[in-house]
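Here are my notes on this model, as numbered points. Please read them with the structure open.

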Amino acid sequence: MADSIHSWLPKTHPAFYKEFLETTVLPHASTFAWLVAVGEFVVGLCLLIGLLTRFSAIMGIVMNVNYVMAMGLAPLAFHANQLFLAGELAMLIGGAGRFLGLDYFLAKRWPRMLFW
């Protein structure tokens, strides 16, 4: 993870985010690597099985926005993270998971919750 961050630093666009990478993430790269791996696994699993889909989509959006800021991608340049952002936004707005996912059963039990 530290090697990736070092390669991204010259391209990182927001100055506050570059400072965050240098002062917080790099000194604790192994902890952040573990958090990223666990976060991606949990969010991906929840989106696949349709559990807490809206909340998981929000967490996926947060992760992908961080990746885009860290990599310093231009807004009009195509990258997989922008595609993931569009998919997660569609799941958030559409309320995916209510038909074939576990959110269907949660919505029947607690119909007024925002997370499903």
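**Notes on helix packing and aromatic pairs**

1. The buried residues of α2 pack against α1, α3 (29-49) and α4. Helices here are DSSP runs of H or I with at least four residues, numbered from the N terminus. Buried means under 20% relative accessible area, exposed over 50%, and partly exposed in between, with a 1.4 Å probe and protein chains only.

2. A word on provenance. This is a predicted model, in which local features need pLDDT of at least 70 and side-chain atom pairs count only at pLDDT 80 or more, while totals for chains, interfaces and linings use all residues. Residues are numbered from 1 along each chain as its sequence is written, and side-chain values use heavy atoms, leaving out hydrogens and water.

3. Which residues of helix α2 are buried? In this helix (residues 15-25), they are Tyr17, Leu21 and Val25. Seen down the axis of α2, they fall within an arc of 50°, so they line one face of the helix. The arc is that of the directions from the helix axis to the C-beta atoms. Ala15, Phe16 and Thr23 are exposed on the other side of α2.

4. Next, the aromatics. The structure holds four aromatic pairs. One of them joins tyrosine 17 and phenylalanine 20: tilted, 5.5 Å centre to centre, 45° between the planes. Rings of Phe, Tyr and Trp (its six-membered ring) pair if their centres lie within 6.5 Å; planes under 30 degrees apart count as stacked, over 60 as edge-to-face and the rest as tilted. Tyrosine 17 and phenylalanine 20 are three residues apart in α2, so about one helical turn separates them. Tyrosine 17 is buried at 7% relative accessible area; phenylalanine 20 is partly exposed at 30%.

5. Phenylalanine 20 also pairs with phenylalanine 32, edge-to-face, at 6.3 Å centre to centre and 85° between the planes. Phenylalanine 20 lies in α2 and phenylalanine 32 in α3, so this pair ties together parts twelve residues apart in sequence. Phenylalanine 32 is partly exposed, at 22%. Phe16, Tyr17, Phe20 and Phe32 form one aromatic cluster.

6. Methionine 1 sits in the segment before α1 (2-8). At 40% relative accessibility, methionine 1 counts as partly exposed. Not counting residues up to four places away in sequence, methionine 1 touches Val25, Ala29, Phe32, Ala33 and Val36. Contact means heavy atoms within 4.5 Å.

7. Asparagine 64 lies in helix α4 (residues 53-71). Asparagine 64 counts as buried because its relative accessibility is 5%. Leaving aside neighbours within four places in sequence, asparagine 64 contacts Asn81, Phe84, Leu85 and Glu88.

Conventions
Helices (H or I, at least four residues) and strands (E, at least two) are DSSP runs, numbered from the N terminus.
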